[in-house]
Structures are given as structure tokens and as C-alpha cells.
Amino acid sequence: MANVYYAPARATGGVKHVVDGTQNTIQSAMSGVRDVLLNATWTLDTMRPGHARIPFIFQVPWGSPDGAGGWTGNAVNPGNGYVYGIWQFVLAIDGVSYNFYNPVAGQEVPPGHPVPIGNSNLATIASLAGELEDWIATAYDNSHMDIEYAAMTYDDVGASSHVIAGSAAITGSTEQPWGGGYRMTSQAPSGNSSFSIWITEHDAHGLGFQFPDLAAGGDPDYEIRMARSNAYDVWANSYGFGLWESGDVPQNPPAGDSYGQNRSIIATRPYLSSDVPVSDVLSVMWGQHREGMHPILFELFKGRMNGAITASTDSLWAFYLPRTNNTRSDIVTTADKPLMVDAIIAMSPDNTIHPRMLGWFTDCFISTDGNAIDGQAELSGNLWDAVRCNLTDSSAGAVGTLWLRVN
Amino acid sequence: MGVADSGGPYVYATFAGDTPPGFVAGIKDQLVAAGWTATAVTGGWSFLGVSPQGLSVKVKIWDPGGSDPIVNFQFSSASATGIERRVLVGTGFEFQIVANPCQFFLSRPGLAGLPSGSVVCGGVPWVPESACGGSTAAEAAEEAWWAMSDFYGSPFFPAHTLRTMLLHYTTFHGMGEAVWNGVFAQSATALGSFGQGVPEIVAITYPGDIDGGSFNQYETRWYPDTALVYEPLIAWGDTLSAAPVVRGQLWDAVVLSKDYPMDSTYAAELAGPPYDARSWINFTDSYFWGSLWLIRGGGGGGTPEKINYIY
């Protein structure tokens with residue numbers, strides 16, 4: 001039989017993930033995923049509450065007198081607290097930056113998320129803060145912002161010369177219904193490392209997964225967002241986890257769900273071949289479908305090898321599969337049964353050369369045919385009593401099914 | 001499954017092919033040494049090969065006489081008689097053979113193919129006795145053999161064999177034939193015909209489409225640029241045009257997912273346990289998707305274990 005490397009433990013479960021106007025289903029989905037991972041011997045490192053008070057800072061840069069009794073550029077007059085002319089400021093909430101600008105001046109300021117605020121080119125800091133409160137309440141599902149501290153600091157070098165430099169700032173925090181989550185850590189297969197994830201509610205709209213190990217430049221918020229759905233299946237073993245929409249395979253992204261369009265994800269530390277001089281290998285795949293094997297079908301991939309993060313490019317990873325002739329088709333025996341082959345993951349070591357085989361997805365093997373998702377026909381009474389099929393393709397020339405052991 | 005090890009005898013030998021009678025005598029010695037039973041026929045011998053699983057095939061090898069310096073081969077079994085194959089002999093010609101009790105690979109050292117014929121290979125494969133928890137009627141083979149050779153009548157081109165590639169490209173000439181429980185898939189009535197049903201070896205490749213002509217593809221490699229070692233599954237269709245079906249695997253052989261020059265006897269992938277329990281020779285000449293390595297004798301290593309990439 002194919003080589004299958006087993007993790008010490010496995011677990012499965014199912015979660016609902018429907019946004020119904022409250023955050024209950026998100027919280028339920030998060031805790032459901034958490035429990036499956038706990039049953040698969042992951043550890044719960046820490047958690048953050050769902051109603052977090054997120055600090056923010058609101059800064060308005062100074063401008064300068066225009067010599068005619070007015071102000072030019074971005075400006076706050078420290079003498080009276082008024083904001084003049086063309087202004088902008090940046091608000092940072094939970095790692096996301098928003099640029100605000102004066103709609104009268106009409107100047108949008110990339111990068112970020114330009115948001116018009118204020119209706120005048122003359123406003124006080126206090127009035128801007130009030131409008132900011134309104135904006136947050138609208139944009140973030142009636143979350144509430146408390147301005148806990150407001151201060152203006154400036155350095156009036158000389159009133160007579162009107163040379164002024166400094167900044168105005170409002171600091172405070174906002175209570176949000178998002179931002180909660182669980183940080184969990186896997187076990188490490190021999191020769192490899194563990195990895196951690198945040199199970200998150202990425203905002204009021206859905207379930208997400210953050211991968212600190214895939215965070216380029218220390219960005220802790222690299223997040224894969226899942227589409228809202230009636231139900232997801234969850235699978236985990238000690239070294240990885242998978243989550244996919246229950247039931248049939250949608251062929252299109254969920255309509256109108258701009259917050260999360262992914263319907264499947266599988267992330268694992270492979271069991272590395274002893275002949276492969278690499279370490280710190282992490283493989284994460286996700287996409288809008290539950291079909292895969294062919295890189296163009298499992299849309300997105302990101303990995304980590306030897307401490308470096310690999311890119312999400314079609315040609316940089318693969319499961320290599322048996323074939324006959326020069327077109328891919330089912331590979332079956334005379335009894336019309338598929339071959340069972342090793343689930344060896346190949347990744348490009350440096351994002352430029354072809355993928356190289358590294359090791360095995362644990363508790364997995366591949367059959368060389370397409371199968372109905374969740375099907376078990378070929379395996380009943382056989383290798384495992386019950387398995388789930390995560391990746392299936394029958395449409396674009398790539399044939400293969402990744403089977404996951406569940407008990 | 002792993003390596004289907006026949007237990008031998010494993011024969012690797014070279015012999016002279018100066019004349020048809022000399023060639024016939026030379027190959028007889030090697031096939032008999034490998035365990036085949038020889039029965040005299042006009043101009044040559046009929047050899048009976050029996051696999052460790054009890055399946056058998058006959059091969060008649062004879063000097064047809066006449067002016068052409070050729071030797072003919074013809075595989076057969078109870079239900080089917082294959083096409084007449086041939087190799088060209090001549091002064092100074094040297095042949096090599098890798099044989100076991102039920103299959104052989106004949107070629108000339110350093111020569112991948114010849115329009116006049118230089119390669120003949122075939123025999124009985126290992127067949128599944130049970131699969132996925134229970135045998136089925138379809139898998140219970142009572143008759144199974146395959147054969148191919150490079151002569152197909154063209155004055156310019158040889159047909160492709162496992163000496164030149166593992167996969168059979170439907171646009172390439174093939175001279176394969178095979179039998180499975182009385183179903184005879186062969187190109188005898190259309191020498192050199194195209195067809196996807198011609199016997200071939202399953203190759204492990206990256207998931208995209210591959211090209212039989214220009215191999216600008218992703219090679220199948222481990223991270224250190226070493227090959228994947230896997231079972232030499234043989235597949236063919238019930239007819240020349242039918243989709244290939246996996247029938248079993250070659251005895252005493254492995255596939256390395258890397259191109260090696262023909263007749264190489266060293267590959268790093270086979271230098272350690274469990275493969276060093278045998279000595280090996282590469283039959284396939286620098287084929288992008290892999291090479292077929294054959295056991296040519298006992299090695300100095302430990303007890304061979306079974307690889308098991310596929311079952």
C-alpha cells in the first residue's frame with residue numbers, strides 16, 4: 001500500500017458558520033474549530049475576547065500659515081483647535097489603517113482606505129472626533145468608540161512668525177464585536193516544526209484563520225477568510241487541520257460575500273523525508289472549491305520552507321500523480337479501482353525553480369481517480385473505516401482525490 | 001506493493017550476435033540460465049517462461065533463414081499468438097540481456113533503437129492477487145503477458161520501446177502487444193500504428209499536461225534533486241485504441257523518476273538499503289519522466305524491503 005504516516009491523534013467535527021445578524025454563529029464556529037483541534041492534541045495558547053477594546057490613534061498633521069491670515073496644507077491651528085484647508089489623517093484599528101480626507105477638498109490619499117469624513121473644510125478636532133465615532137458605528141456594526149483621551153500638542157515656535165510645527169492627536173479605544181479569537185499550536189512531526197494559527201472572527205462578517213508563520217515582514221494579520229455557509233466540516237490531526245464546506249462543491253464564489261470567499265482550507269506540517277535536508281516546512285492551501293490536486297484548481301497556496309515564505313503561484317507546489325499517455329485521466333486497475341499513492345507534497349524551494357518533493361501529508365493518501373466528495377465507496381471495509389474526501393477534480397484534466405483518515 | 005522480486009535467477013549477460021545461429025545459441029544459454037524451459041523448433045527454440053505466480057508465456061526465437069541476417073521473436077500463450085518481431089544481427093554485434101524466469105529485456109549496449117531491430121522485451125507481469133481487501137474476477141488473471149520491440153518496417157525510424165520511453169504517446173509509433181485473460185491487444189494488423197492502448201509504464205508526473213516531444217516540464221524530484229523510486233506498473237488497453245488499464249507490474253524492476261543514460265549501473269537512489277540488496281542496470285535511455293531499472297543480480301546489501309509508493 002501507499003506510505004501513510006500517522007499523527008498521534010485525529011479528530012473531526014462540524015461547525016455552522018452563518019452570519020445571522022449576531023455574532024453567535026461566528027463564536028460558535030470558532031469554538032467548534034477550537035474543540036476539534038484540542039481533540040487532535042493541539043494546544044490552546046491564548047485567546048482574546050470577542051469584545052475587545054482596540055486602541056487607536058488619530059493624528060492630524062500640522063500645516064503652516066499661508067502668510068495671508070490663513071493656513072496652507074494640512075493644518076490645525078493650535079491657537080483655536082480648528083482644522084483648515086486640505087487635511088487628512090490616518091486611523092489605525094486592529095492593524096488596519098484607514099485614511100480619512102476632507103471631502104470638500106476632495107483629495108483622496110492612497111494607500112489605505114480613503115474614507116470621506118467631515119463636511120467642511122473648517123472643523124474642530126472635537127467635531128472630527130464626533131464624525132469619526134459615527135463612521136465607526138456605521139462601518140462596524142454599531143460598535144462603540146469611546147474617546148478616552150484627547151490631547152493636542154504643538155510647538156509654537158513663534159506666534160509672531162507663525163512658524164508652527166507639531167501634531168494634534170486623539171487617542172482612545174473602541175469596543176468592537178470582532179477581534180476575538182483563539183491562538184492554537186500544533187505538534188511537530190519528526191524533522192519539522194509546530195505551527196500556530198489564530199482562529200479569528202475577522203470582523204463582524206465571518207470566520208478567518210491567521211497564520212503568524214506565514215506573516216511576511218512580521219505582519220500578524222495574514223488572514224484567510226472563509227465564506228459564510230450553512231456548515232463546515234472540520235478535520236484535524238496533531239500536525240494540521242482542514243476545514244471545508246459540507247456537501248456539494250460550489251463552482252462559483254458566494255454571491256456578494258466580499259469578506260470571505262474561500263470554501264476550503266487545509267494547513268499542515270508535512271512529515272519530512274529523512275533524505276530531504278529542509279526544515280520548517282508548512283503547507284497551506286485554500287480556495288473557493290473543494291477540488292484540487294491541480295494547482296490551478298486549488299487556487300491559492302502559501303508555504304514556508306527553511307524559514308522563508310513561499311509565494312502563492314500556481315507552479316510552485318504540487319502533488320505529483322501517476323499518469324499514462326500524455327493526457328491525465330483516471331488511472332485504474334482491471335477491476336476499475338484506482339491506485340493508492342503517497343500524498344507527497346512538492347514545493348518550490350525559492351519561488352523560482354520547479355517544485356521539489358519534501359514529504360508527506362500525514363494521515364493522507366491519494367487515489368488516482370475522481371470521487372464524489374465525502375465518498376467512501378472504495379475504502380469501505382478496507383484501509384480505514386471512514387474517511388473523507390477533501391480534494392476532487394473531475395473537470396479540468398487533473399484527477400486525484402486526497403483522502404484523510406478520520407479515526 | 002513494492003518491488004515484485006521474483007527471487008531469481010537474475011541474469012545479466014552479453015553475447016555475440018554475429019550470425020543468426022550464433023545469436024540463437026547465445027540467447028538460449030541466457031534464457032535457460034534464467035529459468036526458461038527450451039524446446040527445439042525449426043531454426044531455433046521455443047522458450048516457456050513461468051512467473052512465480054504460475055502464469056506463463058512462450059517465446060519462439062528462431063533463424064528464419066534466407067538472405068537477411070535477422071532473428072525472429074514471437075510471443076504466444078493459449079489464446080493468442082503475437083506478431084513476428086525481429087532483430088538484426090551482424091559481424092561484431094554484441095547483445096545484452098536482462099532476464100528472470102518470466103521476462104527478458106534484450107538490447108544492444110549503447111543503442112536505444114534501430115529501424116532494423118535491436119530491442120525486444122516482454123514477459124509475464126506480476127498481477128494483483130487481491131486488491132483493496134479482496135480479489136475480484138477481473139483481477140484474477142489467468143493469462144497475462146506483454147511484448148514490444150523496435151522494428152516495425154520503417155527504413156528510417158525505430159518504434160518506441162521501454163528503451164526510449166516509459167509512457168506511450170499516442171502520436172508515436174508503437175509495436176506493443178499484450179494479452180489479458182484471452183483479450184489480445186496488439187498492433188499486429190497495423191504495424192507501427194498509433195494508439196493509446198499500447199503497453200506502457202505508469203509515470204509519476206506533475207499534475208499539468210505533458211508533452212511527448214518537448215520535455216519542457218517539471219521534473220519529478222525530491223528536494224536534493226534525487227528521484228522518486230516507485231513501482232513499474234504496466235498498463236495497456238483492451239484494444240489498441242482503448243484507454244490503458246493498470247494490469248500489474250514488472251518483476252525485478254523499479255522506476256526512478258529521473259533520466260539516466262541507458263545501461264547505467266549506478267544510481268544514487270539505489271545505492272543504499274533496501275535497494276543495495278540487488279545490483280541494477282538502467283534499461284531506459286535518458287527519458288525525461290523516468291528510467292526503468294532492472295535487477296541484474298544479487299547485491300551486497302541487506303535483505304531487500306519493499307518500497308510501497310503505490311498499491
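## Terms and model

A residue is buried when its relative accessible area is under 20%, exposed when over 50%, and partly exposed in between (1.4 Å probe, protein chains only). This is a predicted model, in which local features need pLDDT of at least 70, side-chain atom pairs count only at pLDDT 80 or more, and totals for chains, interfaces and linings use all residues. Residues are numbered from 1 along each chain as its sequence is written, chains are lettered from A and ligands numbered from 1 in the order in which they are written, and side-chain values use heavy atoms, without hydrogens and water.

## A sheet in chain B

Chain B has an open sheet of 4 strands in the order E15-E18-E20-E19, with antiparallel pairing. Strands (E, at least two residues) and helices (H or I, at least four) are DSSP runs, numbered from the N terminus. Two strands pair if DSSP finds at least two bridges between them. The edge strands are E15 (229-230) and E19 (278-282) of chain B, and each pairs on one side only.

E15(B) is joined to E18 (residues 253-256) of chain B by 2 bridges, and the two run antiparallel. B:Val229 stands opposite B:Leu256 in E18(B).

A salt bridge is a side-chain nitrogen of Lys or Arg within 4 Å of a carboxyl oxygen of Asp or Glu. Over all chains, the structure holds 13 of them.

One joins A:Asp45 to A:Arg183, with the closest N and O atoms 3.6 Å apart. The pair links distant parts of the chain: A:Asp45 is in strand E2 and A:Arg183 in strand E14 of chain A, 138 residues apart. A:Asp45 is partly exposed at 38%. A:Arg183 is partly exposed too, at 26%.

Another links A:Asp280 and A:Arg269 (2.9 Å, N to O). A:Asp280 lies in the loop between E21 and E22 of chain A, and A:Arg269 in the loop between E20 and E21, so the pair ties together parts 11 residues apart in sequence. Both A:Asp280 and A:Arg269 are buried.

## A link between chains

B:Asp225 and A:Arg356 meet in a salt bridge (3.5 Å, N to O). B:Asp225 lies in the loop between E14 and E15 of chain B and A:Arg356 in strand E28 of chain A, so the pair joins two chains. B:Asp225 is partly exposed, with a relative accessible area of 32%. A:Arg356 is buried, at 9%. Salt bridges that share partners join A:Arg356, B:Glu219, B:Arg221, B:Asp225 and B:Asp259 into one network.
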